[in-house]
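Colleague: Could you walk me through this model step by step, with questions as we go?

Modeller: Happy to; let's look at it together.

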Amino acid sequence: EVLDLERGMTLQQKGAASRVPEDREQALTEAETSLRKFIGEHGQHAQAALANSMLGELLFERARSLMWKAAETEDASKKLELQQSARTLVDQAKVIYQTAQDQYKAIYDAFPKFIDEQKDEEEFQRRLEAEAKYLRSWFNLVRCTYERGQTFEKGTEERKQTLIQAAELFEKIHTSRRTNQIGLHARLMMGKCFQEQDDIGRALG
């Protein structure tokens, strides 16, 4: 029952590694079909959260491809069309990542709040793994807001406001997990959001 998931993951990796636009798009399109099929048929499967995370990342890959094309074109109307298409994909990814985060959070919250590592090392490690997956899914969910900001032209109010929102969301992750790797990464992304607004003081702060 996990054949569609495995096929989707293989095709996604193939697409992400390809530098030939046509091959890349074909592989990602086929991967999306397989992942959506698995999620549709096995929404309650233990690997459903993984499938949703993979699908979210795939939509990001396709959005990036469109943004690369937008950056290369000098046709204003074509550029706008590509940016809008990329934005739609990012918005779709956000819905998928929200589902994945909800699933990973439910798995993490099912563990006791405290587990004595000395008494039950195996359960302690499982809780750490569940926490890592939950935090990664949270980070990816917030990254949707940052990536959405990239679909607007530099200097526009839409880009500025979206980056401000992304910085606030990354700050919530950092506040929650200041010493965790994901929390530290969120702190770096906060700085990046400010840097792209030319707010160097807050970017360095």
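Modeller: Keep in mind that this is a predicted model. We can start with the second largest pocket, which has a volume of about 200 Å³.

Colleague: Which element gives the largest share of the lining of the second largest pocket?

Modeller: The residues that line this pocket include A46, Q47, Y104, F111, R126 and K133. The elements that give two or more residues to the lining are α3, α4 (76-109) and α5 (121-150). The largest share, 4 residues, comes from α5.

Colleague: And how many residues of that lining are nonpolar, polar and charged?

Modeller: Among the lining residues you can find A49, L50, I107, E129 and A130. Sorted by type, the lining of the second largest pocket divides into 3 charged, 1 polar and 7 nonpolar.

Colleague: Now the largest pocket: which residues lie nearest its centre?

Modeller: The largest pocket has a volume of about 250 Å³. The elements that give two or more residues to its lining are α2 (21-41) and α3 (48-72), and the largest share, 6 residues, comes from α3. The lining has 13 residues in total, and those nearest the centre are P21, R24, S65, W68 and K69.

Colleague: How many residues of the lining of the largest pocket are charged?

Modeller: The lining of the largest pocket holds 5 nonpolar and 2 polar residues. The charged residues in this lining number 6.

Colleague: How far apart are the end C-alpha atoms of helix α6?

Modeller: Helix α6 covers residues 157-176, which is 20 residues. At 1.5 Å a residue, the helix should span 28 Å. The model agrees with this, as the end C-alpha atoms are 29 Å apart.

Colleague: Within what arc do the buried residues of α6 fall?

Modeller: The buried residues of α6 are R159, T162, L163, A166, A167, F170, I173 and H174. What covers these residues includes α5 and α7 (181-195). Looking down the axis of α6, you would see that its buried residues line one face of the helix, because they fall within an arc of 145°.

Colleague: Is K105 buried, exposed or partly exposed?

Modeller: K105 is found in helix α4. Its relative accessible area is 35%. Buried means under 20% and exposed means over 50%, so K105 counts as partly exposed.

Colleague: What distance separates the C-alpha atoms of K105 and G8?

Modeller: Along the chain, K105 and G8 are 97 residues apart.

Technical notes:
Residues numbered from 1 in each chain as written. Predicted model: local features only at pLDDT ≥ 70, side-chain atom pairs only at ≥ 80, totals over all residues. Heavy atoms only, no water. 1 Å grid on protein atoms, 1.4 Å probe; cavity = no way out; pocket = protein on both sides within 12 Å on 5 of 7 lines; lining within 4 Å. Points joined across faces, edges and corners; volume = space filled by probe spheres on them. Nonpolar A, V, L, I, M, F, W, Y, C, P; charged D, E, K, R; others polar. Expected span 1.5 Å × (residues − 1). Buried < 20%, exposed > 50% of the residue type's maximum accessible area, 1.4 Å probe, protein only. Arc of directions from axis to C-beta. Contact = heavy atoms within 4.5 Å.
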